[in-house]
Amino acid sequence: MKPSEKRQDTTMNQRVTPEREKQLIGQVSGVSIVGNVVLTGFKMVAGVVGHSGAMVSDAVHSLSDVMTTVIAVIGVGISKKEADRNHPYGHERLECVASMLLAVILMATGVGIGYQALQTILSGQYKVMTMPGRIALLAAFVSIVVKEGMYRYTVRIARILRSDAFMADAWHHRSDAFSSIGSLIGIGGALLGFPVMEPVASVVICLCILKAGYDIINSAVNNMLDTSCGEEFEEQVRGVIEQQAGVQRLDLLQTRRFGNRIYIDAEIAVDGNMRLYEAHQIAERVHTVVEESFADIKHIMIHVNPF
């Protein structure tokens, strides 16, 4: 699942209490920070002892994951602040800001790794590099397994929390797994007598990281621009509204993303001879049913037209 994909799956109707949210945020951030600190130390030692520049670059990437997790936790915490006088619609878009900051850090890490690798290739330094040791190869394999596991765990929690920042953090884990795949190929190639493969692997790592960063930024920008939630989601909402008793017709349905939440404007047609109180009751019922049916919806505004 790419960062730009919306979480309208089995988690759509799951509602999480504030206490449960705090618990999940603590769990996912703890797993991420501890896991990355341990991996960074292991890969750095393996890179130095095994004379592997690709593994040292991989270790730096893992270290950057610690910072991104901290930023994700801060971003999610701020985004969940209650609406106030100056921010009557809440603070959800601040999570998009956190996601973009994560992406910038991710891409900067990738550029640094790629620049150093290209220098090594163009200068011919790889010809005199010490042959990497098998411990570096082992570290790459361990990193792939651990980081893919962390990615899957973080994605699952991000879907429950409906959090773009933690989804971005999850993709940072997967980009680290891609980095380790590149390291595995590069170190293996060097051990087989092709030393240029190690810096080439670092260049491939750089490209994977840049692609992940671009996807994260693209998703965050879309969520800040009141982007529509798409025809599939709108058809689901339309179906719920048109099933409600008293609704003669749905005249207008507009959806927009506000950070990681959804706002909807809808116009329904009811019997024009109906009393105002009865028409209001129908609108209230539609409002309540829609918000209860889709957990991502923060608010739906209902306008009533005579039929």
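Let's start with the loop between helix 1 and helix 2, where His51 sits. Helices here are DSSP runs of H or I with at least four residues, strands are E runs of at least two, and both are numbered from the N terminus. His51 is not a glycine, yet its phi is positive, about 55°. His51 is partly exposed, at 46% relative accessible area. The scale is this: buried is under 20%, exposed is over 50%, and partly exposed lies in between, with a 1.4 Å probe and protein chains only.

A word on the source. This is a predicted model, where local features need pLDDT of at least 70, side-chain atom pairs count only at pLDDT 80 or more, and totals for chains, interfaces and linings use all residues. Residues are numbered from 1 along each chain as its sequence is written, and side-chain values use heavy atoms, leaving out hydrogens and water.

Now its partners. Helix 5, residues 164–191, packs against helix 4 at about 165°, with the axes 8 Å apart. Axes are lines fitted to C-alpha atoms, for helices over the stretch in contact, and angles run from 0 to 180 degrees between N-to-C directions. Helix 4 and helix 5 are therefore roughly antiparallel. The cut-offs: under 35 degrees is roughly parallel, over 145 roughly antiparallel, 65 to 115 roughly perpendicular, and the rest oblique. The residues of this contact divide into 19 nonpolar, six polar and six charged.

Helix 2 is another partner. The axes of helix 2 and helix 4 come within 11 Å and cross at roughly 30°. That makes helix 2 roughly parallel to helix 4.

What about the cores? A nonpolar core is a set of buried Ala, Val, Leu, Ile, Met, Phe, Trp, Tyr and Cys residues joined through side-chain atoms within 4.5 Å. The largest has 28 residues, and Leu161, Phe166 and Ile216 touch the most other members. Helices 1 to 6 each supply at least two residues of this core. A second, separate core has 22 residues, including Val240 and Ile282.

Last stop, Tyr263. Tyr263 lies in strand 2, residues 261–270. Tyr263 is buried, at 8% relative accessible area. Cys229 is 34 residues away along the chain, and the two C-alpha atoms are 9.6 Å apart.

Conventions. Nonpolar A, V, L, I, M, F, W, Y, C, P; charged D, E, K, R; others polar.
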